[in-house]
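Hi,

Here is the structure I said I would pass on to you.

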Amino acid sequence: MSDGSGQIDILISRYDPERDDQPHTERFTVPYQHDSSVLDALLYIKDRIDGSLSFRWSCRMAICGSCGKMINGVPRLSCKTFLRDYAPGPLHIEALHHFPVIKDLVVEQAGFLDKLPEARPWLIREQEQALADGPHRQSPRQRARFASTSACINCLLCYAACPQYGMKPDFAGPALLALVERYNADSRDQGRAERMPLINAEDGVWSCTLVGNCSAVCPKGVDPAAAINRNKLESAKDYFLRFLKIGSGGAE
Amino acid sequence: MKAHYQRPMGRWYLRPFYLFVYTLRELTAVFVLLYALILLSGLAALAAGPEAWASYRQALAHPLSIGLHGLILVAALYNSITWFMVAPKAMPALFIGTRPLPGLLITLAHIVVFVIVSVALLVLAGAG
Amino acid sequence: MSRFDHKPRLESTRHDIVIVGGGGAGLSAAIAIAEQHPQLSIALVSKVVPMRSHTVAAEGGAAGVVSASDGLDLHFRDTVVGGEWLCDQAAVDYFVARCHEEMVRLEHWGCPWSRGEDGYPAVRNFGGMSTARTWFAADKTGFHILHTLFQTSLRFPRIQRFDEYFVHDLLVDDGCCRGVVAIDIASGDFHALQAGAVIMATGGAGRVYRQNTNAGILTGDGLGLALRHGVALRDMEFVQFHPTTLPGSGVLITEGCRGEGAYLTNRHGHRYLQDYGLGPEVREPVPKTMELGPRDRLSQAFWHEQQAGRTVDTPNGPAVQLELMHLGRRKIAERLPFISELAKTFVGVDPACAPIPVCPSVHYTMGGIATDITTATALPGLYACGECASVGIHGANRLGSNSLAELLVFGREAGLQAAGFAADQARQGTAAALAAQARESAARAAQWLARPAGGLRLAELREQMTTAMQDGVGIYRDAERMASTCESLENLSQLLDSISLDDRSRCFNTEWLSAIELGFTLDVARCIAHAALNRRESRGSHQRLDGYNQRDDDQFLRHSLATLAPGQPPQIHYRAVNITRLPPGERRYGGGSATEHKP
């Protein structure tokens, strides 16, 4: 730890699909101040040393979810991680684990994005309320039930932290299952049944072995591990109820 | 035109450290199972008659058995405590008003109950 | 050598509507079309995945009249007075009448608005507003609005997303906008999207300045694109400085803090706003008074405090203190949790214990692509909404919480208008011409990759631009510095062709995109600087020190319109303001005398 300023060595895992078969590491030395973030260092390198370094970033304030990287092996938002905490270095930056790498620190997110509609992440009502009838009512206590799961910024750090996702890319994964829980726990929503297939699926909650690391790395306190494991109970209940229905001759 | 690089998983169960903690949690379950089998065989010996029961007790007193039990105790403690640590994630959400009950509190409650029950059992066993 | 020979390909697709930008405005437009015209195909093109768009960073809230004691007329007056009469009053009337409905619509889509004990959405005070009418979701309102819109958009398969496609040109044929040309960022291939109508929803251009609250993506692409196709930018000299941002980084500390009752103090602990016509000093928040004054006045007051040496020094420059301590930890945790997180993370301050150092930074582009009240631009088939547009509701100074509402009201309007236009269009006969245009444009963009090495560094040019803007077109302006900025910018735009890139590859080449962006940003900067130099008065966020320090309605109660011809400095023209019912008058805040502090 150091509180001042200085220089720090940064090792970056580089990959250019047009030239490389696999990534290699390059070393850069950058100056830092007390408040310099890892993102500041990456921007410094891109602007002044090597413009070919590719990485995603946008808001700089830990809300857009673009800039997740592996920093010394731990998934973190680079805008919210400070160089002073890694002095004197070296600091190793890689693309988020478990995702295919497009270039340098940029990963392919389609695996997550394409699955989003399966969570049916919108408010489902048996009967939609007319605009003229005004807003639904919801107490602050009811709102609190999904306050944490609705805070997900889709930064995908939880996927990079989850070994199950690493081994099973079809696993719905922490953020997606937390999103399911966000709508299921919303007092205005009536769509739980529509979301059960994703929860019950082979790649749904039962692919989670409660490593718990997703919640540990979450920069927004979402606690996806809790969201998933609470739904194991729901899934078991759902299975049991369906079993009873069929057992009693319920035609379905 | 895309040639994405897919990083191999490697020995993810050893490193980083938090994954090793998880791996141990899962492995220690084997010792818990082993202890359940030992108890079960005791039950079988009891059913088979006084002779079988006596030889079962004799086997338990063997230094190797005592060593094994020590190992099982450590493993079971590790297994229990690491599960208590993730217990807040496996149970229904609890709230005080609009604030979620802190997970640490739930873990501590588990540990306290665990200690009380263990001590009570030991006292009961001693009294018996 | 390349492992695979990668000749740039040019794909081509047809859609009824192409929307450029996936933030609040673009998503509102897309959903409105999908709901109302399910037969139309929609392409939603964005250089980032929609939930990364900068709407995500809005904190404080969105305006919508709710209470019986409030009224549309009050919201109208606050907005027009706040904009110092440079607002299109018909547009403001249209806007305020629809805000509430849009807030309710979002509620029906699941937006987690903060609630009162009665279960109805709560509202908070905001600067320059006569009463509490700002809907909020804690202090992450933009985040929740954006995610609600994005997730709701997933219900509609007719919305086809082109995530991480960078639009670098418009297709224009027969005087009509007929689509866009984009780079598929992941592959570097080109993609022409032909359409019956195009909606620009690309956000602002805060990156024109060095210290700003904006995300890296806010490079004014939409404004630059429109400008190059002959569409004027309106009122560009009006750039909003948000008074409370972190020194250096410019990270936004929401006005919601002051809405909840925070104080601004100088180095002596004095609530200095009472010295700038915003008093009397009140302990509890009173609308339009003290810390609830409008943003332009607050940023200007900071400037005076700085000149007088009454600011606090921080490693990143002068600051004043935003005090939340008296609100208590509980209220901060409930209403301002994100601010608490930002302050702890970025300046190591727990706002329940100590004041947050803050200073003004560039925040919002009040001008933009000139549109009429229906969001139509002068180029048929091209519509614009959100921060990139100037539909005329913000005038010379935007009130906080009007912009999130604007995204929804005018995003929807743009969607429906563009749908109507596209449905009317006969779409035959132009495909060949458009394809040729797309090929030519793609070849031009690809030239960046073929330039010889050893030229100027991109970042150097960008830094010179942002420095010139920061120095010359700040909170207070004078002719000499503005003229010097104009000159620097003209020189810099000549140098654009001397840049050479380190990265000649195609796959996810963000340096290439930055170079194209810089071209747009520079054009926008030139328009801002020239429009500012030409406005010889002081109004709203445009304040001059060189003898033009009063408002001059006779000469300048007019919109500026900036156009750009190749190889020439921007041309500035003026057009009358649409004043329907509130004649210009004195702009008064605070409860005391109306003495204005002028340097």
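This is a predicted model: local features need pLDDT of at least 70, side-chain atom pairs count only at pLDDT 80 or more; totals for chains, interfaces and linings use all residues.

Let's start with chain A. Its assignment gives domain 1, covering 6–107, and domain 2, covering 110–247. Taken over C-alpha atoms, the centres of these two domains of chain A are separated by 31 Å. How many residues of domain 1 of chain A are in contact with domain 2 of chain A? There are 15 from domain 1, and they meet 13 residues of domain 2. On the domain 1 side, the elements of chain A that give two or more residues are the strands β3 (68–71) and β4 (74–77). Of that side, β4(A) gives the most, with four residues. If you sort the domain 1 side by class, you get nine nonpolar, four polar and two charged residues.

Chain A also touches chain C. Here 47 residues of chain A are in contact with 49 residues of chain C. Which elements give two or more residues to the chain A side? They are α1 (38–49), β6 (101–103) and α3 (140–144) of chain A. By class, the chain A side splits into 19 nonpolar, 14 polar and 14 charged residues.

Now for chain C itself. It is divided into domain 1 (242–360) and domain 2 (451–576), and the C-alpha centres of these two domains of chain C lie 30 Å apart.

One more helix to look at is α9 of chain C, residues 337–347. Is it mostly covered or mostly uncovered? Mostly covered: nine of the 11 residues of α9(C) are buried. Among the buried ones are Phe338(C), Ile339(C), Leu342(C) and Phe346(C), but also Ser340(C) and Glu341(C). What covers the buried residues of α9(C) includes α6 (256–259), α8 (329–335) and β15 (356–365) of chain C.

Have a click around and tell me what you think!

Cheers

Methods
Residues are numbered from 1 along each chain as its sequence is written. Chains are lettered from A and ligands numbered from 1 in the order in which they are written. Domain bounds come from an automatic or database domain assignment. Two residues are in contact if their C-beta atoms, placed from the backbone, lie within 7 Å. Ala, Val, Leu, Ile, Met, Phe, Trp, Tyr, Cys and Pro count as nonpolar, Asp, Glu, Lys and Arg as charged, and the others, Gly among them, as polar. A residue is buried if 20 or more other C-beta atoms lie within 10 Å of its own, exposed if 12 or fewer, and partly exposed in between; C-beta atoms are placed from the backbone.
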